[in-house]
Amino acid sequence: MTETEKELLEKLSDVLYLHDKMKGAYFFTPPGVASMRRRYEEQNSLETKFSYKGDDYLVSQVTNCSCKNVYYSVTYYKNGARISADIRLIKKIVSELEAA
């Protein structure tokens, strides 16, 4: 495994970790103070850019807090165009990298 593949694997591991952490976010209780909610959003949002097999990907993980709820969403882009995908895309890439 090359150095760039190791770096990519670490990036994608961070994406998977945050997704597992936030997948039940709707049932979380948000922080009570507005500044703490903004900090929570910042700490639990991630934008990851990477190239794999000649394609450029962007994974945008966004966490938003209202006064009563926490919302989490993930959007995937391939070569600048939004694609209809879910976390299985990242898991597939990770398994292919680990197999190499």
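**Salt bridges in the chain**

Mentor: Start with Asp-86, which is partly exposed at 33% relative accessibility. Its side chain meets that of Arg-88 in a salt bridge, 2.9 Å from N to O. Arg-88 is exposed, at 60% relative accessibility. Keep in mind that this is a predicted model.

Now step back for the setting. The protein chain has three helices and four strands. From the N terminus, the order is α-α-β-β-β-β-α. There are 15 positive and 14 negative side chains. The centres of these two sets lie 9 Å apart. Across the whole structure, a search finds five salt bridges.

Next, look at Lys-53 and Glu-96. They form a salt bridge, with the closest N and O atoms 3.5 Å apart. Lys-53 sits in the loop between strand 1 (46-52) and strand 2 (55-65), and Glu-96 sits in helix 3 (residues 87-99), so the pair ties together parts 43 residues apart in sequence. Lys-53 is exposed, with a relative accessible area of 65%. Glu-96 is partly exposed, at 27%.

Then turn to Asp-55 and Lys-78. Their closest N and O atoms are 3.7 Å apart, and the two form a salt bridge. This pair, too, links distant parts of the chain: Asp-55 is in strand 2, Lys-78 in strand 3 (residues 70-78), 23 residues apart. Lys-78 counts as partly exposed, at 31% relative accessibility.

Last, the contacts of the chain. Among those between residues at least 6 apart in sequence, 51% join residues at least 24 apart. Buried residues make up 34% of the 100 residues.

Methods
Residues numbered from 1 in each chain as written. Predicted model: local features only at pLDDT ≥ 70, side-chain atom pairs only at ≥ 80, totals over all residues. Heavy atoms only, no water. Helix = DSSP H or I, 4+ residues; strand = E, 2+ residues; numbered from the N terminus. Buried < 20%, exposed > 50% of the residue type's maximum accessible area, 1.4 Å probe, protein only. Contact = heavy atoms within 4.5 Å. Lys, Arg positive; Asp, Glu negative; His and termini not counted. Charge placed at Lys NZ, Arg CZ, Asp CG, Glu CD. Salt bridge = Lys/Arg side-chain N within 4 Å of Asp/Glu carboxyl O.
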